[in-house]
Amino acid sequence: MPQQKTKRIKTTITVNGETREVEIEVPDIEAAWGDPRNMRWLGKRIPRVEGADKVTGRAKYTYDIQLPGMLYGKILRSPYPHARIRSIDASRAQRLPGVKAVITDLTREVKYVGEEVAAVAAVSEQVARDALKLIRVEYEPLPFVVTPETAREPSAPRVHGGQNVSGGNPRERGDVDSAFRRSDVVVHEATYSVPARSHCCLEPHGLVCQWQGDKLVAWASTQGIFSVRDELAGALGIPASNVRVICEHMGGGFGSKFGARSEGVICARLAKHAGAPVKLMLEREEEQLATGYGPGVTAKVKIAATRDGQLIAWESESYGSGGVGGGSGIPLPYIYPVPNVRTRHYDIATNTGASAALRAPGHPQASFIMESAMDDLAHKLGMDPLEFRLKNDPNPVRQAEYRLGAERIGWHRRNRVAGQAPGVVKRGLGVASAIWGGGGGAGSRPTVRIDPDGSVEVRLGTQDLGTGTRTYVAAIVAEELGLDIRQVKALIGDTDYGYSGASGGSTTTASVAPAVKMAAMAAKERLVAVVSQHLQANPADIVLADGKLTARGGSEKSLTWQQACALLGKEGIEVQGEWNANLQGSGVAGCQFAEVEVDTETGKVRVVKIVAIQDCGLVLNRLAVESQIYGGVTQGLAMALYEQRLFDEQTGRMLNANLEEYKLPGSLDMPDVEAIVYDNPTGKVSGMGEPPVIPTAAAIGNAVFNAIGKRIHSLPITPAKVLQALGKV
Amino acid sequence: MDEEREKLPQHTPEEVDASRRQFLRNLGVTAAMASLLSSGAILEERRAKRAQAETLQTPPSGATELRGTVAVTLQVNGREHTLQLEPRVTLLDALRDHLGLTGTKRVCDRGSCGACTVLLDGKPVYSCSVLAVDAQGKKIETVESLAQGEQLHPVQQAFVEHDALMCGFCTPGFIMSLKALLDKTPQPTAQQVKEACAGNICRCGTYNRIFEAALAAVQSMSRGG
Ligand code: FES
Ligand code: FES
């Protein structure tokens, strides 16, 4: 066998939402997307292929699945932040007419309000709720702690038995202490913090489970149908091949929907006990309490630059809480290279639910901390914040994006000196930037099938989170075969369709698109072989475009798509594709500019405009990329002004586990947003779903500073904090 | 049983439930007190009644108490359906679980997100906050009624063309809010569009595109589309 050529590449991998940069060895097989100018679909504005299903209500989400004889599952959750369970008596629930299954063996100790204690399945949701109220649980309440500030005290109750505080190992490079002592530097010190934020997926977590003998079919609202399959199989002790997971449409995940999770295993067990299919969708309160959140982080930072504005030193001590989980670490210093660095991060356990990856995990927090410190230092240096970034950011793509963004927002209108805007309502401008990997990985096995009647199908067990996966899967095949996108049926969201990884870390596009392209190329090659023989032409001369196959050069003979496919045997063409590293790349760049209006009498901040620029290498669907930018900006604005999980230290309960007191922006809060896709001619596909959420909050915070000359050190920027900063309360 | 409850911390799920029902009752001023299949529900009922006694001096006049299941006739998308429902069933659940009209979404189930928006006699309402029994005799329109076969309503068409949806879970709610606006105000301003969907939440962040789509739909409708 000939030795296959290989090469080493850097890429991002994501396991359960945790993203890491790795270097891997990959086969080096020549392949290219070609010139985007010659493309009919790719890079254009392609309305999503399932759009009509979603706007008519035809699209079936997990929540919408109804099966004959289906029961409704409900989970009884702990009202205590920490307790031992002495006993559970579910006999009265069991006897309630309509109750078909009860589970009480979930745990003996609960560590947060909302942790699973017991579960039932019944003929209706109402009866299931009634049944939960009949379950008698004897709890022995234990000491608890819900805020990291209290949890880090030596006398604080222990969450897991051991120390609440972990981590804290210094990470160091260069000579930090002497850099700070240099006589030609300006030093700034401050503390910045970002609170914990909930995902608030509109479709809650949940599943419908149906057993067929020893085989399980599960509809799941998930970012990873195969990870749900594997977790269910493992927890239930059955082979993975006995589990089929389906997710045709899902109503938002943002990092919180990997794996089957406890509600998945409970749902499957209830269905097994009851001998009937069970639907278990979490209610809103459960969703807010028990399905994860992005950790809050507080950082005390010290930053220095030389008088002419070159960053020279960074030191930070930060802490955060992932509740009963961990993972509050953040990348500091962020984006701008600093030669002398010392950082320490402490992870603090608390009796709140476990955190989960939340769109660009750790990055928006790091961005707010770093970019606030950057502007505060620029202010001390008497330097324009944009100039300070241009000087310290070596990335050529962002350099170009900064200039474009400055022009679009009208950067010249900024207050030269922060706070010097006239009037009661003050305007200000701010900037911040984004970085992400966006590379993909091997594993996806799509199948492209062409039937003799001309129908084309592409199948892959990936999922569409609303990001547009299904649409570019269809578009890639249509592009390759010279067809209209409506002629290609893209089947995704089913583990029967062939493996693909979970959707996280913005790795989906760079993982899926190359594999689909390779499958489509292979299908085309097979079809062209048949057609070239028929036309007596050289295969290299056959061109597929506009639903025709034409032999170029000599005779210009052509066949319609239907005629060409009719030449195929009954078996048609069915080929698989594998990921090809040469079709994807890693390392995307973005930046955002914000314009705000601050009412110095009410303290209210109104965001007037956001200019958001993002690159993702070769663009597959411009419309969908823009939508991701709008989405990131909207969530970033929510983080800047509204979002915050609040806990009561006395009871350990979350105070805003709903959608009215957990504040999200609505239509009247939205600024004008200019979403700009920066065309970076890498010729390679990269993911970009996450980076547009990173810089928004920081850019808004910096714009507020520019408007009023006062820094709001903690998010969200509420009227009360603004008035306090202005010395008005 | 009362001692049992004393052991629970404040704001138990029962209380939340009871206050929500109290809220529903105050809204609809129906006495459709839930029907009560079980002792657990009776317990809840007693709690709710106590809360009612505390907050309402005089019960609404003409109140009737409904028990078990009752026949409920709903006029949905131009067709009449008679269902046997517990009186505590919301219009949202009746549509989704009893009529299979799952285009209307359940997100918060307590009047704070708009995903469940339907039109009642042309007015947008949160169907999670209306009892099915109270929707009788009214014209109910859901998102399923807008398209004529494959022909989308201009608002739907514009949503697709302008990508005013991502995950799509909030989408039917927004579309119904906008349909209600355009039925009454065929030439709305951008501000009226924003106000019309101020009661709808989109977590994916499609607002700007929704405004764009709504205004495009206005254009296409005024061209006689
Ligand atoms: S589900 Fe009715 S308003 Fe949220
Ligand atoms: S499109 Fe996902 S919530 Fe609006």
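Select Thr291(A) first: leaving aside residues up to four places away in sequence, Thr291(A) touches His205(A), Ser256(A), Arg261(A), Leu282(A), Glu286(A) and Ala356(A). The model on display is a predicted one. Thr291(A) sits in the loop between α8 (284–290) and β17 (293–294) of chain A. Its relative accessibility is 3%, so Thr291(A) counts as buried. Display the backbone of Glu287(A) as well; the side chain of Thr291(A) reaches the backbone oxygen of that residue at 2.6 Å.

Next, colour chain A by domain. The assignment gives domain 1 (6–60 + 440–583), domain 2 (62–142 + 205–281) and domain 3 (293–438 + 585–725). Keep domain 1 and domain 3 of chain A in view; their C-alpha centres lie 36 Å apart. Here 28 residues of domain 1 are in contact with 24 residues of domain 3, and the two domains of chain A bury about 1,900 Å² between them, 54% of it on carbon and sulfur atoms. Select Gly43(A), Arg45(A) and Ser506(A): these supply 28% of the area that domain 1 buries against domain 3, more than any other three residues.

On the domain 1 side, the elements giving two or more residues are β1 (6–15), α12 (469–481) and α13 (508–535) of chain A. By class, that side has 11 nonpolar, 13 polar and 4 charged residues.

Two further salt bridges in chain A deserve a stop. For one, select Asp105(A) and Arg269(A), whose closest N and O atoms are 2.9 Å apart. This pair links distant parts of the chain, 164 residues apart: Asp105(A) is in the loop between β5 (99–103) and β6 (109–110), and Arg269(A) is in helix α7 (residues 261–274). Asp105(A) is exposed at 51% relative accessible area, while Arg269(A) is partly exposed at 22%.

For the other, select Glu315(A) and Arg342(A), which meet at 3.0 Å, N to O. Glu315(A) is partly exposed at 23% relative accessibility, whereas Arg342(A) is buried at 13%.

Now show chain B against chain A. The contact takes 65 residues from chain B and 66 residues from chain A, and the buried area is about 5,500 Å², of which carbon and sulfur atoms give 53%. In chain B, select Met166(B), Arg203(B) and Arg209(B), which lose the most area to chain A, together 15% of what that side buries.

The rule finds 9 salt bridges across the interface of the two chains; one to display is Arg48(A) with Asp163(B), at 2.7 Å between the closest N and O atoms. The count of residue pairs in polar contact between the chains is 31.

Finish within chain B at Lys179(B) and Asp183(B), a salt bridge with its closest N and O atoms 2.8 Å apart. The two residues are 4 apart in helix α6 of chain B, which means a separation of about one helical turn. Lys179(B) is buried at 11% relative accessibility, and Asp183(B) is partly exposed at 45%.

Methods:
Residues are numbered from 1 along each chain as its sequence is written. Chains are lettered from A and ligands numbered from 1 in the order in which they are written. This is a predicted model: local features need pLDDT of at least 70, side-chain atom pairs count only at pLDDT 80 or more; totals for chains, interfaces and linings use all residues. Side-chain values use heavy atoms; hydrogens and water are left out. Domain bounds come from an automatic or database domain assignment. Contact means heavy atoms within 4.5 Å. Buried area is the accessible area (1.4 Å probe) that two parts lose on being put together, summed over both. Ala, Val, Leu, Ile, Met, Phe, Trp, Tyr, Cys and Pro count as nonpolar, Asp, Glu, Lys and Arg as charged, and the others, Gly among them, as polar. Buried means under 20% relative accessible area, exposed over 50%, partly exposed in between (1.4 Å probe, protein chains only). A polar contact is a pair of N or O atoms within 3.5 Å; within protein, one must be able to donate a hydrogen and the other to accept it, and residues adjacent in sequence count only if both atoms are side-chain atoms. A salt bridge is a side-chain nitrogen of Lys or Arg within 4 Å of a carboxyl oxygen of Asp or Glu.
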